[in-house]
Amino acid sequence: VQLVESGGGLVQTGGSLRLSCAASGTTFSINVMGWYRQAPGKQRELVARFTSGNTQYVDSVKGRFTISRDNAKNTISLQMNSLKPEDTAVYYCQAYVWPRDYWGQGTQVTVSS
């Protein structure tokens, strides 16, 4: 499975960005797919993901971020609204295909105050 992210950039506080992730390869085997982020000096954390027909969000983004998917195009997206400086991080697309995780190269999101 190969994952390619796009859509990061620089935005002011309160602004919006949309990230996209295109999956290729054995995509029919993907069980879980979502977005993680890693800020400087911090551990990588789950932002949002699809799993077993459900969606999960970290509490800090609930009501601001929306994850969506297009199964026909093997893509997932992350619509990020009301962005805050603490959302600044490298965002990674993730897919789980037993028995391992796959990761994209990451895309930088910077929110200026």
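Student: Taking buried as under 20% relative accessible area, exposed as over 50% and partly exposed as in between (1.4 Å probe, protein chains only), is Leu 19 buried or exposed?
Tutor: Leu 19 is buried, its relative accessible area being 0%. This is a predicted model, in which local features need pLDDT of at least 70 and side-chain atom pairs count only at pLDDT 80 or more, while totals for chains, interfaces and linings use all residues. Residues are numbered from 1 along each chain as its sequence is written, and side-chain values use heavy atoms, leaving out hydrogens and water.

Student: Which strand does Leu 19 lie in?
Tutor: Leu 19 lies in strand S3, where strands (E, at least two residues) and helices (H or I, at least four) are DSSP runs numbered from the N terminus.

Student: And how far is Leu 19 from Arg 37 in space?
Tutor: The C-alpha atoms of Leu 19 and Arg 37 are 12 Å apart, and the two residues are separated by 18 residues in sequence.

Student: Switching topic, how many disulfides are there?
Tutor: The count is one disulfide, that is, a pair of cysteine sulfur atoms within 2.5 Å. Cys 21 and Cys 93 form the link, with their sulfur atoms 2.0 Å apart, and the angle of -80 degrees about the S-S bond makes the link left-handed.

Student: Zooming out, how many helices and strands does the chain have?
Tutor: The chain has eleven strands and zero helices. Its radius of gyration over C-alpha atoms is 13 Å, close to the 13 Å that the globule rule gives for 113 residues, so the chain is as compact as a globular protein of that length; the rule is 2.2 Å times the number of residues to the power 0.38.

Student: What about the box, and how much of the chain is buried?
Tutor: Along the principal axes, the C-alpha atoms fill a box of roughly 40 × 25 × 20 Å, and buried residues make up 40% of the 113 in the chain. Of the contacts between residues at least 6 apart in sequence, 52% join residues at least 24 apart.

Key
Contact = heavy atoms within 4.5 Å.
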